[in-house]
Amino acid sequence: MVQKISIAKALEMENVLILDARTPKEYAEDHLLGAINVPLLDDQERHEVGIIYRQYSREKAIERGMELFPNKIPSIYHAVKEHKNKTIIVYCARGGMRSGIIASLLESIGFKVLQVEGGYKSFRHYITDQLYNFQLKPKIICLYGLTCSGKTKLLEQFQNSLNLEELAQHRGSLYGGVGLKPNRQKRFENLLLQRLKELNHHNYIFVEGESRKIGNTEIPLFLFKAMKKGFNVLIKKDFELRVKECVQEYFSSPEKIQQIREITPQLRDIISNRRKQEIITLIDVGKYEEVARILLKEYYDVLYAHTLKDVKFDLEVENNKIDEAITKLKEIEKRETMLRTDIQ
């Protein structure tokens, strides 16, 4: 009989292979980090079994599932055959039939297997409990600035940085999802908890100033409060350099350009409908720098100027040359670390 294990103990184990027995759709929404998807049923099959369950009975649904299962055995075995020396940990939605069937199969052919008690549901409870009771030790250095001031590129230069937009796969504005596949809250929190654990031994972490919502994800309150109490740095960049950065970021592929074209009519009333149509016309003729100038000057700068006015900045850093900006930020971190050590 397959032994069950709690999610907390499963996450502590080493030399393991984690199998997610749920559908590809469930897996894509969120999963244990490092888990491999070996679905007992694909998305369409699960939908079919669900209909049978609702319209007929649980027994008939199980019967149909068992008819579909044999076809999955080769792919399940292929996923584990090179991992005989590892413990296989299997989970499904609630630690029930799907993971139980795969775990029993693998145990019967000689693998050491454990089944996660409570499945993904227990993992989700673990994440929320850990995250919303997290004791954040580092202080925050918060980077603010107008759109395309290069804040993200600066964060990428520091190992002790928390890139919330990368975790959310969204830049936080109406165009924020262009070229990206935004994460849902579950995935965002999963990735965020892992990153916070990695960073918690630092004295300071660099974060970009954000509103609490990034796309459809929301920053936990404890972290948002810490950001609001952080050392605030205003990143400044010459307008034409921002224009070039905007073009590089948002107009680098036909897919991105098409997304921008489709989103433009949804812009707020800061820009008139006539101006929006002019932007679309400029996109169609490939005048991307002109589009960037209009969007930055007439939309984003107007939109975010109010937000920046409400922030008390401890320092301003010019980011026309990224190496100089990095040096300045490192000096700030060093100075603040020394001050904090002296106070302690």
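**Sheet and helix 11**

I started with helix 11 (residues 221-228), which lies across strand 6 (139-144), strand 7, strand 8 and strand 11, running at about 70 degrees to strand 6. Helices (H or I, at least four residues) and strands (E, at least two) are DSSP runs numbered from the N terminus. Axes are lines fitted to C-alpha atoms, for helices over the stretch in contact (heavy atoms within 4.5 Å); angles run from 0 to 180 degrees between N-to-C directions. The model is predicted: local features need pLDDT of at least 70, side-chain atom pairs count only at pLDDT 80 or more, and totals for chains, interfaces and linings use all residues. Residues are numbered from 1 along each chain as its sequence is written, and side-chain values use heavy atoms, without hydrogens and water.

Five strands form an open sheet, 7-8-6-11-12, with parallel pairing. Strand 7 (161-162) and strand 12 (315-318) stand at the edges with a single partner strand each, so one side of each has no neighbour in the sheet. Two strands pair if DSSP finds at least two bridges between them. Four bridges join strand 11 (residues 231-236) to strand 12. Lys 236 stands opposite Glu 318 in strand 12.

**Pockets**

I used a 1 Å grid over the protein atoms alone; a pocket is an open set of points with protein on both sides within 12 Å along at least five of seven lines, and a cavity is a set where a 1.4 Å probe fits but cannot get out. Lining residues have an atom within 4 Å of a point. Points are joined across faces, edges and corners, and a volume is the space filled by probe spheres set on them.

The largest pocket holds about 1000 Å³. Of its 41 lining residues, Glu 165, Arg 171, Gly 172, Glu 208 and Glu 210 lie nearest its centre. Helix 15 gives the largest share, six residues. The lining divides into 12 nonpolar, 15 polar and 14 charged.

The second largest pocket has about 590 Å³. Helix 4 (58-68) is among its suppliers and gives the most, five residues.

**Cavities**

How many cavities of 30 Å³ or more are there? I found two. Helix 15 (288-309) and helix 12 (239-250) each supply at least two lining residues. Helix 15 gives the most, three. The second largest cavity has about 30 Å³. Glu 165, Glu 208 and Glu 210 are among its lining residues.

Note on methods:
Ala, Val, Leu, Ile, Met, Phe, Trp, Tyr, Cys and Pro count as nonpolar, Asp, Glu, Lys and Arg as charged, and the others, Gly among them, as polar.
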